[in-house]
There are 2 protein chains.
Amino acid sequence: MRVLNNYISADCVIFGFDFEQLNVLLVDRTLRNDETGEVEFEDLTLTGNHIYEDETVDEAANRILYDLTGLQNIYLEQFKTFAHPDRLKKPNDRKWLLHDGRDPDKRIVSIGYFALLATQDVTLEWKGRNVKWVPVHEIGELAFDHNLILQRALIELRNKIKHEPIGFELLPEKFTLSQLQKLYEIILDTEFDKRNFRKKVARMKYLIPLDEKQTGVAHKPARLYMFSREVYEKTKKELFDFWV
Amino acid sequence: MRVLNNYISADCVIFGFDFEQLNVLLVDRTLRNDETGEVEFEDLTLTGNHIYEDETVDEAANRILYDLTGLQNIYLEQFKTFAHPDRLKKPNDRKWLLHDGRDPDKRIVSIGYFALLATQDVTLEWKGRNVKWVPVHEIGELAFDHNLILQRALIELRNKIKHEPIGFELLPEKFTLSQLQKLYEIILDTEFDKRNFRKKVARMKYLIPLDEKQTGVAHKPARLYMFSREVYEKTKKELFDFWV
């Protein structure tokens, strides 16, 4: 039988883009009174779990992701570890851990990952787990130190997206240029001039125009594009951008 | 009395530049037979320690750094956490842990940090610890998974130095342009044309030429420069370098 390590966990910030908003996959946490069955509190947590003694943390993070989305080979990156002495000390968190037979005074390390995917690729009914997409701007107070973990993940995502073409991981395989522009505007909280954006895009050899157009849209269907990692790796230049 | 947490440690890859090489600060680990006093083995480890139950991991990393170098306010960054099930399982590591009264089968999480400093700022005699600088290219097999931790730290350093002006942390406050060029050449394992490098440097408003020259050198003394973080923050542009 596999044994869970009770002081190491992996928490995943699963980002999903739906062409309108950047969302995070959150899990419902409801504590009910054992005797009356009444709800004591209900809130939300990031997706996470303790690691098994025989698995690596990367394996644990992939397992959590698969468990909740049914997807494999998703973009997943370890970004920071959280181990503040007070991270489990809020009253509801203590109640939750005690109810679960765990010691809230024991230090638990949480190794933070973020994952990137297109919400349309996920079926939330998978395994009937109580999860939902919540737009980043509508997320209230989360359990434990999960607001802090989310905040750090957002900083990492915004930073990394400026240097590496990871934005494509948040889009389906085929996408329009408007969808691409919207994605970068949402994540970087900015607006790009459409003409300038198209000019930049025209120089990207790794963005492959397809002989295919959108279907099922009310407006004039736009051309679809694909990202080619192979072309990107071949043509990328090593830049030193702070040298400017 | 402060209690150490025995399953969470912070390991620091302390990089030091001496104008010729990139070095790492390593600690001697010698295991002697309790009865005969004979050396059973001797090798090197990264600098690290377990965290105290009442401190954050950042505080632990700063404490380790201060303990070994006497320096505070050093550039220090958490970059990755290591928790592979087999990371403590090499025969010498098991011996060492058992001799130290610790259980080698217990999972220990190591939270990796890297620090950047100029070797000339450090007095190794501080507290009489058994530490030494070893050039990166001369480092052999280290204890535990410390070669892996070092390798990852190098990748992070090389990646980050392309996007942010962290190289200056490896130089003393005042430096020459030749020293700056050498630093980037060593870290990125490349060579820059001197004239092109000077042209780039001339465009960097945050590199402040001083009315001061080198002293005590055999060749014609070169002008000294300083890095101004204030000017950098004011003049930096948000670039999207993969867009090229």
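Q: Hi! Into which domains is chain A divided?
A: Hello! In this predicted model, chain A splits into domain 1, covering 4–163, and domain 2, covering 173–243.

Q: How far apart do the C-alpha centres of those two domains of chain A lie?
A: The centres of domain 1 and domain 2 of chain A are 30 Å apart.

Q: And how many residues of each domain are in contact?
A: Seven residues of domain 1 of chain A are in contact with six residues of domain 2 of chain A.

Q: Which helix gives the most to the domain 1 side of chain A?
A: That's helix H3 of chain A, residues 146–163, which supplies three residues to the side of domain 1 touching domain 2.

Q: How do the residues on that side of domain 1 of chain A divide into nonpolar, polar and charged?
A: Five are nonpolar, one is polar and one is charged on the side of domain 1 of chain A that touches domain 2.

Q: Okay, stepping back: how many helices and strands does chain A have?
A: Chain A has six helices and nine strands. Its C-alpha trace spans about 60 × 45 × 35 Å along the principal axes, and 29% of the 244 residues in chain A are buried.

Q: Now the strands. Which way do S2(A) and S3(A) run, and over how many bridges do they pair?
A: They're antiparallel, with six bridges between S2(A) and strand S3 of chain A, residues 39–45. One facing pair is Thr30(A) and Glu42(A). The two strands form a hairpin with six residues between them, and Gly37(A) in the turn has a positive phi of about 75°.

Q: What about S2(A) and S7(A), how many bridges there?
A: Five bridges, again in the antiparallel sense, link S2(A) to strand S7 of chain A, residues 131–135. Val24(A) sits opposite Val134(A) in S7(A).

Q: And how many bridges join S1(A) to S2(A)?
A: Three, and strands S1 (residues 4–17) and S2 (residues 22–32) of chain A run antiparallel. Phe17(A) has Leu22(A) in S2(A) as its bridge partner. In their hairpin there are four residues between the strands, and Phe19(A) takes a positive phi near 80°.

Q: Switching to chain B: why does the span of helix H1 of chain B agree with what its 13 residues should give?
A: At 1.5 Å a residue, residues 57–69 should span 18 Å, and the end C-alpha atoms of H1(B) are 18 Å apart, so the two agree.

Q: Which residues of H1(B) are buried?
A: They are Val57(B), Ala60(B), Ala61(B), Asn62(B), Ile64(B), Leu65(B), Leu68(B) and Thr69(B).

Q: What comes just after H1(B)?
A: Gly70(B), with a positive phi of about 75°.

Technical notes:
Residues are numbered from 1 along each chain as its sequence is written. Chains are lettered from A and ligands numbered from 1 in the order in which they are written. This is a predicted model: local features need pLDDT of at least 70, side-chain atom pairs count only at pLDDT 80 or more; totals for chains, interfaces and linings use all residues. A residue is buried if 20 or more other C-beta atoms lie within 10 Å of its own, exposed if 12 or fewer, and partly exposed in between; C-beta atoms are placed from the backbone. The expected span of a helix is 1.5 Å times one less than its number of residues. Domain bounds come from an automatic or database domain assignment. Two residues are in contact if their C-beta atoms, placed from the backbone, lie within 7 Å. Ala, Val, Leu, Ile, Met, Phe, Trp, Tyr, Cys and Pro count as nonpolar, Asp, Glu, Lys and Arg as charged, and the others, Gly among them, as polar. Two strands pair if DSSP finds at least two bridges between them.
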